[in-house]
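The exercises below are meant to be worked with the sequence and the coordinates side by side. Each task is followed by a solution that goes step by step.

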Amino acid sequence: MDKQNKFEHFFKTRINSFRFAFQGWKHLIHTQRNAWVHGLATVCAITLGIVLPLDRAEWGLMVVAITLVWMAEAINTAIEAVVDLVAPNYEELAKVAKDCGAGGVLIAAIGAAAIGFLIFLPHLIDLF
């Protein structure tokens, strides 16, 4: 493969990687009810962050919290898909895998909510 073809191949594979990633995100949003809850929480947190005078560090913590919840939901969805593929019938270990994945999302969501309270509560108290 000559230099031009390597260059084109590199960019084509990067573009495909992003395309596949967005397809995964689309699947997540279209098939997972909890993703809608996370989406609503994300919109609420960002809206509240715009309304209140958050500093850069607070915005950074919010971005990390939001990102971790979405990552956990995506990983949990992937775990569920693989488990369903390899164990279409009820298996106790399949249940454990799915429950642990869901538990990870719950942990991330509780952590994000705690970060939200720590960030927003002082601003709301000052407002009232």
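Buried means under 20% relative accessible area, exposed means over 50%, and partly exposed lies in between, with a 1.4 Å probe and protein chains only. The model is predicted, so that local features need pLDDT of at least 70 and side-chain atom pairs count only at pLDDT 80 or more, while totals for chains, interfaces and linings use all residues. Residues are numbered from 1 along each chain as its sequence is written, and side-chain values use heavy atoms, with hydrogens and water left out.

**Exercise 1. Salt bridges**

Determine how many salt bridges the structure holds, and describe the partners.

Step 1. A salt bridge is a side-chain nitrogen of Lys or Arg within 4 Å of a carboxyl oxygen of Asp or Glu, and the structure holds 2 of them.

Step 2. Asp-84 is partly exposed at a relative accessible area of 39%, and Lys-98 is partly exposed at 27%.

Step 3. The side chains of Asp-99 and Lys-95 also meet in a salt bridge, at 2.4 Å from N to O. Because Asp-99 and Lys-95 are 4 residues apart in helix α4, about one helical turn separates them. Asp-99 is partly exposed at 41%, as is Lys-95 at 36% relative accessibility.

**Exercise 2. Packing of α2 and α3**

Find how the axes of helix α2 and helix α3 cross, and classify the residues of their contact.

Step 1. With axes taken as lines fitted to C-alpha atoms, for helices over the stretch in contact, and angles running from 0 to 180 degrees between N-to-C directions, the axes of α2 (residues 33-51) and α3 (residues 56-86) come within 11 Å and cross at roughly 175 degrees.

Step 2. The two helices are therefore roughly antiparallel to each other, a term for angles over 145 degrees.

Step 3. Contact means heavy atoms within 4.5 Å; the α2 residues that meet α3 include His-38, Thr-42 and Ile-46, and among their counterparts in α3 are Trp-59, Ile-66 and Glu-73. The residues of this contact divide into 9 nonpolar (Ala, Val, Leu, Ile, Met, Phe, Trp, Tyr, Cys and Pro), 1 charged (Asp, Glu, Lys and Arg) and 5 polar (the others, Gly among them).

Technical notes
Parallel < 35°, antiparallel > 145°, perpendicular 65-115°, else oblique.
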